[in-house]
Amino acid sequence: MTTKITTVRNGRSLGTTLMTASAKDMHRICADKGITLAEAENAVKVRQWLPYVDDAKEPVIDAEVLWRRIGKPHKRFRDWADHYIKPMIECQRQAAEISATYEAVRGGTKKGYLLSRDVAAKLAMMANTDEGNAVREYFLLMERIAASMAVFAFARADKMIQCDNNLTHILHKAAPKELDKFDRKWWVSDKEQLFKSKLAEVLSGARAGKWREALGSSNGIRDVLTVKDLGVYTDAYFAGVTLMGAFAGNIRKVMELLEGQYGNKVNASAYLMAMDAEAA
């Protein structure tokens with residue numbers, strides 16, 4: 001039987017950004033905030049031409065693309081830019097949020113602009129068109145998604161990785177002294193998998209293997225939980241790892257204690273029904 005040997009985590013596999021997350025991931029992460037799958041799918045479409053970066057002051061948005069998407073006000077891009085963008089450049093406070101670009105074209109050079117998120121949102125609002133309002137709504141939606149994903153990233157990466165590494169350390173200390181270095185790694189890996197499987201069972205009534213079977217992939221319970229449920233999982237995981245240290249790696253005793261506070265706190269059937277609906 002092949003068992004995966006536990007290694008120290010660095011969080012790289014847990015990285016999910018606003019520009020790389022799928023619509024389903026966005027919806028899952030932000031479902032507790034009322035963001036629908038349709039809204040997430042629209043956000044994924046719009047971000048292809050209207051990138052959303054963490055720094056709201058960084059010029060990354062093509063002004064001409066924005067102009068087309070908000071209904072081509074003033075009919076010509078140059079006229080629109082002269083009327084709105086040039087005065088902004090002359091304003092010292094906003095000048096750093098706009099960057100001029102130059103492209104060689106037949107007969108000369110074409111001038112364009114890159115805009116910050118804040119400037120783009122302001123211009124979209126000033127357009128006073130349905131398209132402009134849609135762009136503004138996109139920015140507001142992405143801000144809500146970003147806030148949820150920040151919570152998700154902290155819960156799943158920072159604290160989770162800390163728990164993973166602490167659990168490995170505790171199990172190494174609890175391993176039988178007679179084991180050599182190689183056998184110790186196998187023993188620790190088996191015990192870690194057992195701990196996580198039992199934790200999933202306490203929280204949801206289903207062991208980790210059942211979650212992977214239901215998901216039909218190598219993903220597990222931690223890969224599908226919403227922010228709210230992931231917070232519950234992380235709290236239970238942290239408590240469990242702390243108890244593991246206190247009870248010298250006695251998994252049975254730890255799970256008995258966790259059952260009282262965290263038993264069935266995660267509704268597994270809700271996730272299974274959602275997966276069945278997506279498959280249909």
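Is Glu201 buried, exposed or partly exposed? Glu201 is partly exposed, with a relative accessible area of 31%, where buried means under 20% relative accessible area, exposed over 50% and partly exposed in between (1.4 Å probe, protein chains only). The structure is a predicted model, in which local features need pLDDT of at least 70 and side-chain atom pairs count only at pLDDT 80 or more, while totals for chains, interfaces and linings use all residues. Residues are numbered from 1 along each chain as its sequence is written, and side-chain values use heavy atoms, with hydrogens and water left out.

Helices (H or I, at least four residues) and strands (E, at least two) are DSSP runs, numbered from the N terminus. An open sheet is formed by 3 strands in the order S1-S3-S2, with antiparallel pairing; two strands pair if DSSP finds at least two bridges between them. Strand S1 (61-62) and strand S2 (98-105) are at the edges with a single partner strand each, so one side of each has no neighbour in the sheet. S1 is joined to strand S3 (residues 108-115) by 2 bridges, and these strands run antiparallel. Asp62 has Leu114 in S3 as its bridge partner. Helix H6 (residues 117-127) packs on the sheet and touches S1, S2 and S3, its direction making about 95° with that of S3. Helix H4 (residues 77-90) lies across S2 and S3 and runs at about 55° to S3. For these angles, axes are lines fitted to C-alpha atoms, for helices over the stretch in contact, and the values run from 0 to 180 degrees between N-to-C directions.

With neighbours within four places in sequence left aside, Trp80 is in contact (heavy atoms within 4.5 Å) with Ala63, Leu66, Trp67, Ile70, Pro73, His74, Ile85 and Leu123.

Side chains of opposite charge can pair when their charged atoms come close. The structure holds 13 salt bridges, each defined as a side-chain nitrogen of Lys or Arg within 4 Å of a carboxyl oxygen of Asp or Glu. In the salt bridge between Glu97 and Lys57, the closest N and O atoms are 3.6 Å apart. This pair links distant parts of the chain, 40 residues apart: Glu97 is in the loop between helix H5 (92-95) and S2, and Lys57 is in the loop between helix H2 (37-46) and S1. Glu97 counts as buried at 8% relative accessibility, whereas Lys57, at 43%, counts as partly exposed.

Asp79 and Arg76 meet through their side chains in a salt bridge (3.2 Å, N to O). Asp79 counts as partly exposed at 30% relative accessibility, and Arg76 is partly exposed with a relative accessible area of 48%. Glu201 forms a salt bridge with Arg207, with the closest N and O atoms 3.2 Å apart; Arg207 is partly exposed, at 33%. A network of salt bridges links Asp164, Glu192, Lys196 and Arg222.

Asp229 is located in helix H10 (residues 227-246) and is buried, with a relative accessible area of 13%. Residues up to four places away in sequence not being counted, Asp229 touches Lys265, Val266 and Tyr271.
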